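Please examine the structure shown below and follow the explanation with the display at hand. The discussion begins with confidence and then turns to the arrangement of the chains.

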Amino acid sequence: MSDELNHPEIDVPEELRRNVAITTLDKIYNWGRRSSVWPMFWGLACCAIEMICTATSRYDLSRFGMEVMRPSPRQADLMIVSGTVTKKLIPQIVRLYNQMGEPKYVIAMGACASGGGPFKEGYNVVSGVDQFVPVDVYVPGCPPTPQALLHGFAKLREKIDTQSVTSVRWYQKAPVEPIPIPLLGPDLINPRDLPALRDRAAQPAAAQS
Amino acid sequence: MTDKVLDNVESRLGDGVVRDERGGYSGYLVPAARLANVARTARDELGYDYLSSVTGVDYLPEGKLEVVYQLYPTAGGAGLVLKAQLPREAPVVPSLVPLFPGAELQEREVWDLLGIRFEGHPDLRRVLLWEGFAGHPLRKDWTEAYFEEDAKPFKSRWPEGKIHRIEDKVPFRHNVAYPPDFTPDGWVPEGDAALYAGLGQVTGGGNGGDPALNTDEIIVNLGPQHPSTHGVFRVVVRLDGETVVDLKPVMGYLHRNHEKIAERNTFLMNMPFTDRLDYFSSMGNNFGYALAVEKLMGIQPPERAEYLRVMMAELTRIQNHLSAIGFLLNDLGAFFTPVMYAFEERELILDIFEATSGSRMMCNYFRFGGLERDLPDGVLPKIRELVYERLPRKVDELDRYLTENEIVRARCIGVGVLTRERAIALSAAGPVLRASGVPYDVRRAEPYSIYDRFDFDVAVRPHGDVYDRYLIRFDEIRQSLRILDQVLKQLPEGEIQTGKPQYQARVPAGEAYGRVENPKGELGYYVISTGKPTPWRYHVRAPSFINLTTLAEMSRGYKLADVVVSLGSIDIVLGEVDR
């Protein structure tokens, strides 16, 4: 443990090396967080089955301190979007994301969550969850194998290691704004599109299309 | 069936019923006004007591809509197809829900996607999309925001290769389209009021009518994010105290427009899409679709391919049922340990699938008239080891750990009872139907492929409670092992594909309904070809979806915690429920 954390330039006396580590705040903070990323227990589609496989004995998520899957977003650190994101579901996904406490991360698992996948052209399909929620790691595949998902987790750990308490968004003075929740109208309404929609409605009918 | 019997059916069905004479079509055309009477005759006098599928077709060039009903006798045998033709403007057809309550969700789906009104339906709301959605997407003249062309491959991708992103060609750069007169300010969102109003009311005093016990009436929403809804599924329950008064399933959170996309794909392109329906049993999904298209093409796969198909379908059934048992125990509170046991075996079966087809879950292994490739070296010994050594031992072990468990018995026996009559009326399929004492298995009732050669029992359990639905999965695993034993002993050498593999299947015009006994129940594909490279209509009779009709029946009068267990015992997969 201490090898991982120790500052390379500060020498710890031989007799204390097993018990003492001299390190930076960022390092120990990131080490603690990346070793206990609790995913939200939530499956969307086919990828969810591979996610469950990843949690079972053959692939064993507990090696990364991730086996504690929490059904409540309040207790979860990581949202694995494991399947096709549909228009009917995206309001719930955004709401769940808003309900998660900081620090929070999102993995877009599989082709559908990353960009719509094979169902992209469908009338009820959102082409990628990143249209609404910020994504940290994309895992390609349809569905990604458990190995690929594990690789995604490794990438997420790398990303956490690069963060610093001085710059992360949840330690800034201004509060983190929640993401506006999409609405289900004649089609999916992204609140960010509302000005553009109003503009269109203000134009004469002939100019539309 | 001989022509004489068919004539007899025609005369029994009564006036105005004519045989469908279009080339490649079968069944009977029924005037919409007489539909209910004809269906009653078919059910009560001719024995067609099981309504398998209700779907609609938009014949845009003829300016007609058609509702197609597939009826089957639970005694076994061929089916009866009834069709009602309607005008495209304001189409109305009498609802069959009073006769066949199993039509409830299916008629709602036809209303949702094709805009056909069912007069007399108790709760005709959209089912897969949300209230307020503009248009009925499966109408042929309805196009989505990302629409490019009527048929694939799109010119933007191949062969000219002028690649563009569809996002650059649509307003708002999103997959959204609004009606031209839409203004966000004048619009009122549709709430859940209609949904809640459809729930049955509390009658009587509640809690056994004891006036000393005052119970509250509340509406509880489970899902779409809930650990025991097996995905993104939502249940709305009206409770009196803790007792369920009524329940409505709410689905569509994973509606990925499979059928609309399929009408643009070539026949072969749809094969990998079928994998993603019931993603636990992709091989079984392939099987049904291959059968439907082979029926249209009039071809048969060679012997070896037939055996390999059955082998894969039965391996799929085993791993599906193991997972189903694991997840049911999850819902009972034995969190994840039984799933670990189930998935240990499932992984070994997935290894076989991966070696054979190249993918663990999305196998895409079947082709029209055969298979994609033969078994690679070294796989057959592994299958033998599994079928003869490991699986029988491990299934018995799981059985020993779970079946006599006191909590399992206390939570399952006598809970969520579905009677024999109601199971048939509600069009339940697969293990749910058979656990209610109906020995109906498509493999036996109307054998497809080479299932008529194998010696196996149709697993039946008499009580129709959760415990029986749990036990029947063990029974079916053991029967599948019996079939696999015979397959392994008889597996011939030889070709695995009839003729040359075709990338563009030539499918003659006509209709076909191919159905298989998938692990979750009767999976049917209704395919219409007009002779073009893409299907005109492609409908999936999804067993998980239709089995959900029974959930309210299973839950009424039981406690809220039993809803979760009943749902687990149906074994749904949301990819198939919502398609």
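Which element of chain B has the lowest mean pLDDT, and which the highest? This is a predicted model, and in chain B the lowest mean belongs to helix H1 (residues 3-13), at 64, while the highest belongs to helix H15 (residues 466-490), at 93. Over the whole of chain B the average pLDDT is 87, and 96% of the residues score at least 70. Chain A likewise averages 87, with 96% of its residues at 70 or above. Within chain A, confidence is lowest in helix H1 (residues 2-5), whose mean is 69, and highest in strand S3 (residues 137-139), at 94. Where pLDDT is low, the predicted coordinates should not be read in detail. For the complex, the predictor gives an ipTM of 0.87 and a pTM of 0.89.

Chain A may be considered next. Chain A contains seven helices and five strands, and along the sequence these follow the pattern α-α-α-β-α-β-α-β-α-β-β-α. Along the principal axes, the C-alpha atoms of chain A fill a box of roughly 80 × 45 × 25 Å.

Two peptide bonds in chain A deserve attention. A cis peptide bond, with omega about -10°, joins A:Glu102 to A:Pro103. A:Pro103 is located in the loop between helix H4 (90-99) and strand S2 (105-109) of chain A. Another cis peptide bond joins A:Cys142 to A:Pro143, again with omega about -10°. The loop that holds A:Pro143 runs between S3 and helix H6 (146-161) of chain A.

How is helix H8 of chain B arranged relative to helix H9 of chain B? H8(B) (residues 303-332) and H9(B) (residues 337-357) pack at an angle of about 155°, and their axes are 9 Å apart. Because angles over 145 degrees count as roughly antiparallel, H8(B) is roughly antiparallel to H9(B). The crossing of these helices is left-handed. Among the residues that make the contact are B:Leu315, B:Leu322 and B:Phe327 of H8(B), and B:Ala342, B:Ile349 and B:Phe353 of H9(B). By class, the contact of H8(B) with H9(B) comprises 13 nonpolar, six polar and two charged residues. In the loop between H8 and H9 of chain B lies B:Phe336. B:Phe336 has a positive phi of about 75°, although it is not a glycine.

H9(B) also packs with helix H10 (residues 379-402) of chain B, at an angle of about 165° and with the axes 11 Å apart. That angle makes H9(B) roughly antiparallel to H10(B). The crossing of H9(B) and H10(B) is left-handed. Residues in this contact include B:Tyr341, B:Leu348 and B:Ile352 in H9(B), which meet residues of H10(B) including B:Ile383, B:Leu386 and B:Leu398. The residues of the contact of H9(B) with H10(B) divide into 13 nonpolar, one polar and five charged.

Finally, charged pairs may be considered. The count over all chains comes to 61 salt bridges. One salt bridge is formed by A:Lys120 with B:Glu167, whose closest N and O atoms are 3.1 Å apart. A:Lys120 lies in the loop between helix H5 (110-115) and S3 of chain A, and B:Glu167 in the loop between strand S7 (117-119) and helix H4 (193-197) of chain B, so this pair joins two chains.

Technical notes. Residues numbered from 1 in each chain as written. Chains lettered and ligands numbered in written order. Predicted model: local features only at pLDDT ≥ 70, side-chain atom pairs only at ≥ 80, totals over all residues. Heavy atoms only, no water. pLDDT = per-residue confidence, 0-100. Helix = DSSP H or I, 4+ residues; strand = E, 2+ residues; numbered from the N terminus. Axes fitted to C-alpha atoms, helices over the stretch in contact; angles between N-to-C directions. Parallel < 35°, antiparallel > 145°, perpendicular 65-115°, else oblique. Left-handed = near helix turned anticlockwise from the far one by under 90°. Contact = heavy atoms within 4.5 Å. Nonpolar A, V, L, I, M, F, W, Y, C, P; charged D, E, K, R; others polar. Salt bridge = Lys/Arg side-chain N within 4 Å of Asp/Glu carboxyl O.
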